[in-house]
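Thanks for coming. I will go through one model this morning, starting with a sheet and then turning to the helices.

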Amino acid sequence: MAMMMRIDCVSHITNTALLPCLYNGTVLRRRSLSLRNSCFRQRKFQLRCVSASSDSLQFDFSPPPIDHDLLDTISVAGGKVSEDGIVESFDNDDEALDAFDNGVVVVDLSHFGRIRVSGDDRAHFLHNQTTANFESLNEGQGCDTVFVTPTARTIDIAHAWIMKNAILLTVSPTTCQSIIEMLNKYIFFADKVEIKDITKQTCLFALAGPKSNQIISKLNLGDLIGQPYGKHQHYSFDGMPITVGVGSLISDEGFTMLMSPGGAVSVWKTLLAEGAIPMGSVAWEKLRITQGRPAPERELSKEYNVLEAGLWNSISLNKGCYKGQETIARLMTYDGIKQRLCGLNLSAPAEPGSPIIVDGKKVGKLTSYTRGRDGSGHFGLGYIKKQAASIGNTVTIGEDISGIVSEVPYLARQHPPSANSSS
């Protein structure tokens with residue numbers, strides 16, 4: 001039976017217990033949410049800004065007492081969960097994709113990696129190891145940054161939150177462990193840096209779509225609306241810590257929510273009760289490709305550098321020495337960007353890895369493919385030589401599949417760091 005919600009808002013200064021050291025903020029107000037279900041008794045949720053200026057309470061990184069409580073809830077509700085704990089589908093992929101365009105979706109991204117970087121040297125350390133300017137960021141801000149090889153070849157995009165006592169990095173599911181191992185290799189004896197994998201001790205949701213702001217407003221989080229990408233604030237929901245940030249990883253719009261496993265079910269049910277459509281990882285992957293967000297082992301690999309991937313919003317050209325800087329500077333100075341990542345509207349299904357051909361010559365490679373909604377239409381991502389084709393041009397994929405080079409939203413939002421004075 002559908003869950004009915006009534007929200008009562010109370011705003012006043014209050015004394016409150018301090019949340020753990022992972023979170024910080026200023027004690028501002030207490031907000032009450034009442035969740036009424038026709039089949040169950042009324043439950044009370046507390047949503048309030050909190051402060052972690054004291055270490056009197058520590059964040060509990062131990063596993064929750066009931067493993068996979070959220071996954072059990074989703075399975076009972078009809079969601080398909082894989083053996084490794086990934087929510088794959090709710091048998092509503094087309095509905096969810098439509099909701100991303102016209103309404104709002106909620107996606108469980110808890111299988112994505114989450115790395116907590118702490119210690120006094122954390123900002124300087126990440127500043128040197130990735131492409132973003134961490135030393136220009138303040139507490140409560142966030143950014144995307146790219147992990148690259150010394151020759152600026154791409155490893156993964158990380159979404160970073162700058163917290164009081166740590167920097168939290170969200171990375172792709174397949175790269176978390178290798179990134180942790182890589183970072184640990186670069187910690188020298190005198191460095192005050194600690195790397196911790198908190199993936200299994202936390203849950204992560206993405207809220208996306210044009211009506212995301214409406215849900216955020218109903219939850220009394222309207223102060224986040226209109227804030228810059230990566231801006232985040234810490235709250236208490238049903239007595240459990242939760243961080244809400246601007247941006248949904250796949251888009252500058254929407255929101256990301258980090259919480260302890262014990263509070264995940266309450267948050268999930270509340271978002272559904274407010275009208276969010278659940279989306280599984282299968283539809284999310286379709287969305288990733290059609291939106292144009294690069295992924296490891298597809299668009300991000302040792303074959304391509306960060307400038308070819310077009311990840312301008314994640315790169316600083318003005319900061320000090322960092323891994324890959326010499327290559328990036330040389331590419332910029334000598335106009336060395338020879339190929340670029342593009343979208344492709346295809347005439348038929350195509351296999352990733354297929355060559356992209358213009359006038360009988362190979363000019364690139366298809367890296368990702370997906371079917372459109374209702375099984376109709378075909379779309380892909382691929383790298384194409386700059387001089388070979390532009391937006392609107394027709395190319396050939398493989399032997400006889402035609403493709404029209406198209407712009408994709410994620411890459412269209414990127415801009416050269418030189419156009420941003422804070423880069």
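Let me start at one pair of residues: Ile162 stands opposite Ile167 in E10. Helices (H or I, at least four residues) and strands (E, at least two) are DSSP runs, numbered from the N terminus. Before going further, the ground rules. This is a predicted model, in which local features need pLDDT of at least 70 and side-chain atom pairs count only at pLDDT 80 or more, while totals for chains, interfaces and linings use all residues. Residues are numbered from 1 along each chain as its sequence is written, and side-chain values use heavy atoms, with hydrogens and water left out.

Back to that pair of strands. Strand E9 covers residues 154-162 and strand E10 residues 166-171, and the two pair in the antiparallel sense over four bridges. To count as paired, two strands need at least two bridges found by DSSP. Ala160 is opposite Leu169 in E10. Between E9 and E10 there are three residues, and the two strands form a hairpin.

E8 and E9 run antiparallel and are joined by seven bridges, with Phe147 opposite Asp156 in E9. The hairpin of E8 and E9 has five residues between the strands, and there Ala152 takes a positive phi near 70°.

Is E9 mostly covered or mostly open? Mostly covered: eight of its nine residues are buried, where buried means under 20% relative accessible area, against over 50% for exposed and partly exposed in between, using a 1.4 Å probe and protein chains only.

Now the whole sheet. It is open, has five strands in the order E8-E9-E10-E7-E11, and its pairing is antiparallel. Strand E8 (142-148) and strand E11 (194-197) are the edge strands, each pairing on one side only. On average, neighbouring strands of this sheet are turned by 30° against each other, direction ignored.

Two helices pack on this sheet. Helix H3, residues 122-129, touches strand E7 (113-118), E8, E10 and E11, and its direction makes about 35° with that of E10. Helix H4, residues 176-185, touches E7, E8, E9, E10 and E11, and makes about 165° with the direction of E11. Contact here means heavy atoms within 4.5 Å; axes are lines fitted to C-alpha atoms, for helices over the stretch in contact, and angles run from 0 to 180 degrees between N-to-C directions.

Which residues of H3 are buried? Arg122, Phe125, Leu126, His127 and Gln129. Their cover includes E7, E8, E10, H4 and E11.

Last, a helix pair. The axes of helix H2 (residues 93-102) and helix H7 (residues 281-291) come within 9 Å and cross at roughly 45°. That makes H2 oblique to H7, because angles under 35 degrees count as roughly parallel, over 145 as roughly antiparallel, 65 to 115 as roughly perpendicular and the rest as oblique. From H2, Asp93, Leu97 and Phe100 meet Val282, Ala283, Lys286, Leu287 and Gln291 in H7. By class, the residues of this contact are five nonpolar, one polar and two charged. Nonpolar covers Ala, Val, Leu, Ile, Met, Phe, Trp, Tyr, Cys and Pro; charged covers Asp, Glu, Lys and Arg; the others, Gly among them, are polar.

That is the tour.
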